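Student: Could you help me see how the words used for a protein model follow from its numbers?
Tutor: Gladly, let's look together.

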Amino acid sequence: ALDDPDNPPLETIEHRLRPVVNVRRLRDRLDLSLEDFARRYDLPATLVQAWEENPRIKDPVARRLLAAIEREPETMARLLSPAA
């Protein structure tokens with residue numbers, strides 16, 4: 001099994017199994033509607049909706065952005081504000 005390239009041991013793919021931010025749960029925690037969340041972080045509402053409908057976000061930049069928003073929502077709102 002170790003020689004099968006289609007079935008690598010878990011420790012070789014472990015780094016790709018990072019948790020994904022649950023956008024709906026994050027919005028609820030921040031007490032923001034979909035539109036308010038999108039406006040606050042200067043994102044298209046359709047994109048936020050797509051993230052909620054399909055939580056398997058593959059784009060590494062989007063995943064990092066959401067992780068940063070989850071960790072520091074006020075700072076990220078200030079940094080991403082259109083007026084910034």
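**Helix α2 and its surroundings**

Tutor: Let's start with a pair of helices: α2 and α5 pack with their axes 11 Å apart, at an angle of about 25°. Axes here are lines fitted to C-alpha atoms, for helices over the stretch in contact, and angles run from 0 to 180 degrees between N-to-C directions. This is a predicted model, in which local features need pLDDT of at least 70 and side-chain atom pairs count only at pLDDT 80 or more, while totals for chains, interfaces and linings use all residues. Residues are numbered from 1 along each chain as its sequence is written, and side-chain values use heavy atoms, with hydrogens and water left out.

Student: Why are α2 and α5 called roughly parallel to each other?
Tutor: Angles under 35 degrees count as roughly parallel, over 145 as roughly antiparallel, 65 to 115 as roughly perpendicular and the rest as oblique. The angle is about 25°, so α2 and α5 are roughly parallel to each other.

Student: Which residues make the contact between α2 and α5?
Tutor: V23, L26 and R29 of α2 and L66, I69 and E70 of α5 make it; contact means heavy atoms within 4.5 Å.

Student: What makes α5 oblique to α6?
Tutor: α5 and α6 pack at an angle of about 125°, with their axes 5 Å apart. That angle makes α5 oblique to α6.

Student: How do you know that R27 counts as buried?
Tutor: Buried means under 20% relative accessible area, exposed over 50%, partly exposed in between (1.4 Å probe, protein chains only). R27 has 5% relative accessibility, so R27 counts as buried. Leaving aside its neighbours within four places in sequence, R27 is in contact with several residues, including L34, F37 and V48.

Student: And what makes S33 partly exposed?
Tutor: S33 has a relative accessible area of 30%, so S33 is partly exposed. S33 is found in the loop between α2 and α3.

Student: Which residues of α2 are buried?
Tutor: In α2 (residues 23-30), V23, L26, R27 and L30 are buried. They cover an arc of only 100° around the axis, which puts them on the same side of α2. The arc is that of the directions from the helix axis to the C-beta atoms.

Student: What covers the buried residues of α2?
Tutor: The cover includes α3 (34-40), α4 (45-53), α5 (60-71) and α6 (73-80). Helices (H or I, at least four residues) are DSSP runs, numbered from the N terminus.

Conventions:
Helix = DSSP H or I, 4+ residues; strand = E, 2+ residues; numbered from the N terminus.
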